[in-house]
Amino acid sequence: MTSCPRTHGRVPLSLLLGLLVSFCAEAEVSPPGKVCWSPGVTSCTQCLGRGPQCSWCFKEDFLDGAALSQRCDLQANLLSRGCGAEFTERSKVRVEVDATTGGTQVSPQDVSVTLTPGSDASFMVAVKQLPRYPLDLYYLVDVSASMQENLDHLKTVGVALSLRMTEHSSDLWLGFGSFVDKPVSPYINVHPTKINNPCSDYEIRCRPAHGFHHVLSLSGNMSQFTRVIKRQRISGNMDTPEGGLDAMLQAAVCQKAVGWRPEAKRLLLLMTDQPSHLALDSRLAGIVVPHDGLCHLEDNIYSGSTRMDHPSLGQLSDKLLQNHIHAIFAVEKQQYQWYQELVRLLPASYLGKIGFFQSPNLIDLVVDAYKSLLAEVSLSVSVDDRAFSRYWTSVSPICPNGSAANNHSCSGVQPNQTVYFKVTIGLHSCPDHGADEDVEVMVRPVGYNESTRVRVHSKCHCSCGPTGSCRDSQQSPCAGTSDGAGLERWPHQGLFRNESKWRCRADGSEVDCSGRGVCECGRCVCEQSRLGAVYGKYCQVDDFSCPYGGGLLCGGRGMCVSGECVCEDGWTGDSCGCSLAVATCQSPDGSLCSGRGKCVCGRCVCDGRGYSGDLCDRCPACQSSCQSNWKCVDCHVSRGLTQNEKHCNRTCGSDVIHINARLTGSRELHCMYVGDDSCRYWFQSRLESGREQLHISTRAECASGGRVLGTFLSVCALTVLCGLVVVAVSRLLLQKRGRSLEGATQDGAYLCTGKELSYIPTSNEKTVTYRREPPPDHAVEMTVHVKMPLGEPWQ
């Protein structure tokens with residue numbers, strides 16, 4: 001679907017006409033599947049009714065006898081089947097804006113739209129907020145007995161309000177009307193003494209109850225307004241609710257009597273201290289006739305009050321909107337919540353809570369309401385009742401800088417700023433009789449005396465080219481005559497029935513219409529199939545005998561035409577399963593399949609030299625390529641690595657390139673060759689532009705004899721040094737252990753060396769020998785063996 005450009009911020013008025021003619025029509029999209037085809041579609045009108053993306057082919061020989069339903073399809077599908085664009089009937093959406101009818105506040109004021117079923121169109125409406133509007137303010141006051149004090153406060157409002165409004169309005173006019181309730185039982189006391197004077201019990205002269213009394217037409221004479229207010233008297237009724245909504249509708253629709261000016265902002269101020277009756281309340285009085293929404297004033301008195309029910313909120317809302325009237329409710333604080341729910345259902349209405357209807361409070365209420373209502377710019381779209389169910393509408397505001405959008409309105413709009421609304425109108429379906437229809441749609445900025453009239457033409461019939469023939473009916477069977485031989489003849493063809501059958505058979509076939517149709521008048525009428533279309537001169541072609549991929553016809557990526565898949569862009573193959581995209585074959589270095597294969601159907605097919613993987617970047621057996629190139633490298637090394645060595649071409653199977661640097665690249669395998677001179681030479685095999693190249697680094701890694709000897713001696717010296725360090729550390733540990741044992745023996749303790757506890761002595765044994773020398777001839781010697789507990793000192 002094509003989307004409309006949105007404009008934000010300030011838009012110059014010089015570009016207004018350009019914005020007004022911008023519209024959005026639902027563009028054709030070809031979703032997958034047969035969204036237009038259906039066996040029940042047998043006419044152009046039915047085809048276009050399936051959606052704005054559907055087209056009808058009225059070419060006479062289209063598909064050679066296929067079913068009528070095959071003429072209805074997406075435009076792209078019909079073109080691919082051989083139906084030229086000049087033979088197709090399509091939905092047409094058109095928007096025409098009359099730029100010459102723009103007003104000072106609302107532009108444009110006249111728009112024409114053509115729609116077909118399922119389509120929609122959009123256009124722009126600009127609403128400009130002008131400064132210092134002329135203002136019409138009509139006071140509609142509840143004059144029941146409880147409002148006596150509040151009525152007295154109105155006597156000083158006129159002049160004071162006029163002086164205050166000079167700051168906001170260029171011209172203020174005031175009017176006055178009063179209401180009580182329907183003058184029937186049970187709303188009033190119908191006793192003869194109470195009808196003319198409801199306050200007779202209180203010895204007060206009151207005026208009779210009335211539904212609505214228009215007292216003073218709108219006028220700029222403030223003195224006259226004050227005199228009229230001073231002459232007003234209260235009335236009375238029985239129940240609590242009043243007839244305020246009934247009076248509001250009369251004040252809104254009686255344009256001539258009230259004197260509403262076409263160029264002025266219109267405010268209707270309702271003053272009451274009680275709730276109001278709603279629709280169906282009049283059934284208590286036996287009044288069941290719904291309100292007709294018309295003016296019924298006779299001698300400025302509402303004459304239909306006793307004959308018609310109270311209006312509904314929807315009916316009152318429509319009348320206020322049609323007559324560009326803002327409603328202001330000034331109510332006592334006890335009734336504020338009741339009217340708060342009511343105001344939500346009435347467009348461009350304002351609710352004020354006043355403790356006492358004193359002059360300063362009323363003036364502030366009117367001024368605040370006027371400023372608030374002007375700063376709120378909203379749009380209402382109404383469709384003729386007889387076609388309401390067949391159309392849908394939407395409104396999107398584009399608010400000026402600094403103002404906020406809320407559904408269909410912008411708040412905080414300042415004078416001289418312009419609000420733009422994108423209005424979209426769509427058609428669900430045509431009327432039941434199927435004829436074209438003209439409907440009027442009114443686009444009204446709420447509270448403005450200008451509006452935009454939209455004439456919508458629903459196109460439900462097909463024109464089908466200059467000839468007007470849509471080919472949406474099959475030829476009926478031929479009626480012929482019989483000759484003397486019993487063969488039926490058709491004079492217009494000069495054929496016998498038996499002869500005509502041969503015209504329905506392909507060469508070599510023994511069945512009519514390939515067995516998938518019937519022969520009528522020498523022409524095949526192909527049968528319908530739930531799988532797809534069957535067509536062709538002999539019904540030999542269909543749209544469902546193509547190869548399947550992934551369980552879908554043509555892999556879901558193409559369309560079956562004449563038994564062959566017509567693939568979408570980017571796909572090929574018999575079943576449209578081969579992708580033409582190469583992004584999946586792209587290597588990190590930008591090459592395809594790492595330069596070692598080809599990209600086939602979105603996958604790499606390696607060239608078979610041992611490489612594998614999704615990008616041909618793996619080679620488990622590539623080590624053998626190092627050994628296979630050793631002879632070539634040896635030849636070049638033995639000849640000094642000169643670049644132009646042609647003698648080695650016989651041993652090298654690839655181009656050789658000498659590189660005076662270390663080899664780089666982590667993707668290629670680095671190979672090493674050790675020459676006769678014990679030097680290491682690095683090389684690698686690469687594939688460049690489809691040809692193998694052998695890169696040999698000329699920076700060889702060689703080691704000298706002196707360097708080898710020095711390395712050997714260093715290793716030997718290091719080994720001896722490590723042995724000496726180990727011996728020294730071991731000796732130090734043994735000495736330390738010996739000193740520990742000696743200290744333990746001197747203390748009379750035994751060191752447990754890990755033997756079993758049974759081997760540890762528990763007593764201390766000692767043998768003492770005593771010898772006495774004299775007398776010399778008889779020496780005495782005595783040996784004593786002493787055993788003492790371990791640890792006890794010797795004495």
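**A walk through the predicted chain**

The protein chain holds 16 helices and 43 strands. Helices (H or I, at least four residues) and strands (E, at least two) are DSSP runs, numbered from the N terminus. This is a predicted model: local features need pLDDT of at least 70, side-chain atom pairs count only at pLDDT 80 or more, and totals for chains, interfaces and linings use all residues. Residues are numbered from 1 along each chain as its sequence is written, and side-chain values use heavy atoms, with hydrogens and water left out.

Of the 795 residues in the protein chain, 42% are buried. Buried means under 20% relative accessible area, exposed over 50%, partly exposed in between (1.4 Å probe, protein chains only). Contact means heavy atoms within 4.5 Å. Among contacts with a separation of 6 or more, 62% link residues 24 or more positions apart.

Start with an open sheet. Three strands form it in the order β2-β1-β3, with antiparallel pairing. Two strands pair if DSSP finds at least two bridges between them. The edge strands, β2 (72-74) and β3 (88-90), each pair on one side only. Neighbouring strands here are turned by 40° against each other on average, direction ignored. Strand β1 (residues 54-57) is joined to β2 by three bridges. Ser-55 stands opposite Asp-73 in β2.

Now to β11 (265-272). All eight of its eight residues are buried. Lys-265, Leu-267, Leu-269 and Met-271 point one way; Arg-266, Leu-268, Leu-270 and Thr-272 point the other way. Strand β8 (residues 134-142) runs parallel to β11, joined by seven bridges. Leu-140 stands opposite Leu-270 in β11. β14 also pairs with β11 in the parallel sense, over seven bridges. There, Arg-266 has Ile-325 of β14 as its bridge partner.

Next, the nonpolar cores. A nonpolar core is a set of buried Ala, Val, Leu, Ile, Met, Phe, Trp, Tyr and Cys residues joined through side-chain atoms within 4.5 Å. The largest has 66 residues, of which Phe-123, Tyr-139, Leu-154 and Leu-161 touch the most other members. Helix α12 (residues 359-375) gives the largest share of this core, nine residues. Apart from it lies another core of 31 residues, including Val-253, Cys-254, Leu-297 and Leu-346. Leaving aside neighbours within four places in sequence, Tyr-139 is in contact with residues including Leu-154, Leu-161, Phe-225, Leu-269 and Val-366.

Helix α5 (residues 157-165) buries Val-157, Gly-158, Leu-161, Ser-162 and Met-165. They cover an arc of only 120° around the axis, so they lie on the same side of α5. The arc is that of the directions from the helix axis to the C-beta atoms.

The axes of α5 and helix α7 (residues 222-230) come within 8 Å and cross at roughly 145°. Axes are lines fitted to C-alpha atoms, for helices over the stretch in contact, and angles run from 0 to 180 degrees between N-to-C directions. Gly-158, Val-159 and Ser-162 of α5 meet Met-222, Phe-225 and Thr-226 of α7.

In helix α11 (residues 336-343), the buried residues are Tyr-339, Leu-342 and Val-343. Their arc is only 95° around the axis, which puts them on the same side of α11. Their cover includes α8 (244-253), β11, α10 (313-322), β14 (325-331) and β15 (349-353).

Last, Ser-458 sits in strand β22 (residues 452-458). Ser-458 counts as buried because its relative accessibility is 0%. Beyond neighbours within four places in sequence, Ser-458 is in contact with Leu-115, Tyr-391, Leu-427, Asp-436 and Glu-437.
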